[in-house]
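Please look over the sequence and the structure shown below before reading on. The briefing then takes up a loop and a pair of helices in turn.

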Amino acid sequence: MSIVFHVELSTDSTQPPYEQLRMAVIEQVRAGTLTAGTKIPTVRALAADLGIAPNTVARAYRELEADGVLETRGRQGSFIASSGDPTRDIASRAAVDYVTTTRRLGLDDADALTLVDRALNT
């Protein structure tokens, strides 16, 4: 089943349009608006609806597919992945890798947290 999802892109945003679109899809997956197996609009259809270049939508879709949020089934189209939202799992694994690396480098937890705080505030 194909659905229409609501996406608003802001021309005033510091984020490029493909990133705004990518995050809008992820937010709707997290909210349960877009569920596993849901067919999403084609690149051309969504580009026309949003008034943006098809390459912008294609880039967002490629990145969502690389993150495991979308899966492409050839001529059938693109769908929300059966795994739903893998982004938190990916982030969790990255956090574990970070802790492993900082400990291997001999940093204590306070130093590791300071580095994370700086990275979040840049």
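Predicted model: local features only at pLDDT ≥ 70, side-chain atom pairs only at ≥ 80, totals over all residues.

**The loop between α1 and α2**

- T35 is found in the loop that lies between α1 and α2, and T38 is found in the loop between these two helices as well, with α2 covering residues 43-50.
- T38 has a relative accessible area of 10%, and because buried means under 20%, T38 is classed as buried.
- The side chain of T38 reaches the backbone oxygen of T35, at 2.7 Å.
- T35 and S83 are 48 residues apart along the chain, and their C-alpha atoms are separated by 9.4 Å.

**The packing of α1 and α3**

- Two packed helices are described by the angle between their axes together with the distance between the axes.
- Helix α1, residues 17-31, packs with helix α3, residues 54-66, at an angle of about 45°, and their axes are 8 Å apart.
- The two helices α1 and α3 are therefore oblique to each other, and the crossing in which α1 passes α3 is right-handed.
- On the α1 side the contact is made by P17, Y18, E19, L21, R22, V25 and I26, while on the α3 side it is made by T56, V57, R59, A60, E63 and L64.
- The residues of this contact of α1 with α3 divide into 8 nonpolar, 1 polar and 4 charged.

Note on methods. Residues numbered from 1 in each chain as written. Heavy atoms only, no water. Axes fitted to C-alpha atoms, helices over the stretch in contact; angles between N-to-C directions. Helix = DSSP H or I, 4+ residues; strand = E, 2+ residues; numbered from the N terminus. Parallel < 35°, antiparallel > 145°, perpendicular 65-115°, else oblique. Left-handed = near helix turned anticlockwise from the far one by under 90°. Contact = heavy atoms within 4.5 Å. Nonpolar A, V, L, I, M, F, W, Y, C, P; charged D, E, K, R; others polar. Buried < 20%, exposed > 50% of the residue type's maximum accessible area, 1.4 Å probe, protein only. Polar contact = N/O pair within 3.5 Å; in protein donor to acceptor, adjacent residues only side chain to side chain.
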